[in-house]
Amino acid sequence: ECMEKEEAKDREKAEREERERFARRLEKSNIPPTFRRYRWTDWDEESPTEGKAVKSAKLWVTEGGLLTLQGPPGRGKSALAATSLMALLLRGVPGQWVSVSALLQDLRRGFGDERRGAAADVLTQGGPLVLDDLDKASASPFALEAVFTAIDSRVQSGERLLITKNLGLRDLGNKLGEEYGEPIVSRIVSGAYHEMSGPDRRAQR
């Protein structure tokens, strides 16, 4: 009986410590609070509009690689990306969520600004990365070089990278310009790619 009590205490301690580690991973991930509630049970693998994307997202979690989710606003791209990153965090794997527009805003700050340094670190550090709203990137050479570096380094290393965007490939390439548009699109199509359609999830709330 004493041994059983000790084992129960050890389990409780281990579970508590894991909850604390998960909380730290979640905080460092920068997943927006509104997306932290999503789990695989919120998705339908048999759905004609999202099923294939969900299956690919699960493979991204278990096997890694590059996955891009494209579609109009409100179709669940960011929510599915957050679900995938949350799944990794629950497995004990740290990862990073990056809003591309916010990232570029931080990179434009002064050299002494801590937020600029933190944004630069995100582009160079390893580990799973979600680049949300890639097509929100401004067309300045500096911004595009930063985004290209983040994508290319992970494609070359085989690190997990998940991209969300609204624009199709041709429109994205045109927006990003000749120097970086084609190279970025080329790397995107080297991985899994899914268009998400269906009704606007935001309008259904």
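Colleague: What is the volume of the second largest pocket?

Modeller: The second largest pocket has a volume of about 200 Å³, that is, the space filled by probe spheres set on grid points joined across faces, edges and corners. The model is a predicted one, in which local features need pLDDT of at least 70 and side-chain atom pairs count only at pLDDT 80 or more, while totals for chains, interfaces and linings use all residues. Residues are numbered from 1 along each chain as its sequence is written, and side-chain values use heavy atoms, without hydrogens and water.

Colleague: What makes a set of points a pocket?

Modeller: On a 1 Å grid over the protein atoms alone, a pocket is an open set of points where a 1.4 Å probe fits, with protein on both sides within 12 Å along at least five of seven lines.

Colleague: Which residues line the second largest pocket?

Modeller: Lining residues have an atom within 4 Å of a point, and among them here are Asn 30, Trp 97, Asp 106 and Arg 115. Two or more lining residues come from each of β2 (96-99), α4 (100-107) and α5 (114-124). Helices (H or I, at least four residues) and strands (E, at least two) are DSSP runs, numbered from the N terminus.

Colleague: What makes Asn 30 count as partly exposed?

Modeller: Buried means under 20% relative accessible area and exposed over 50%, with partly exposed in between (1.4 Å probe, protein chains only). Asn 30 has 45% relative accessibility, so it counts as partly exposed. Asn 30 sits in the loop between α1 (2-29) and α2, and its phi is positive, about 65 degrees, although it is not a glycine.

Colleague: Why does the span of helix α2 agree with its number of residues?

Modeller: The expected span is 1.5 Å times one less than the number of residues. The 13 residues of α2 (residues 51-63) should therefore span 18 Å, and the end C-alpha atoms are 18 Å apart, which agrees. Gly 51, Ala 53 and Trp 60 are among the buried residues of α2. Their cover includes β1 (66-70), α3 (77-90) and β5 (192-195).

Colleague: What makes α3 mostly covered?

Modeller: In α3, 13 of its 14 residues are buried. From first C-alpha to last, α3 reaches 20 Å, close to the 20 Å expected.

Colleague: What makes a group of residues a nonpolar core?

Modeller: The members are buried Ala, Val, Leu, Ile, Met, Phe, Trp, Tyr and Cys residues joined through side-chain atoms within 4.5 Å. The largest such core has 28 residues, and those with the most contacts inside it include Leu 131, Ile 151 and Ile 163. Helix α6 gives the most to this core, with seven residues. A second, separate core has 26 residues, including Phe 35 and Leu 67.

Colleague: Which residues is Ile 163 in contact with, leaving aside its neighbours within four places in sequence?

Modeller: Contact means heavy atoms within 4.5 Å. By that rule, Ile 163 is in contact with residues including Leu 66, Leu 69, Leu 134 and Ile 188.

Colleague: How many helices and strands does the chain have?

Modeller: The chain has eight helices and five strands. Of its 205 residues, 41% are buried.
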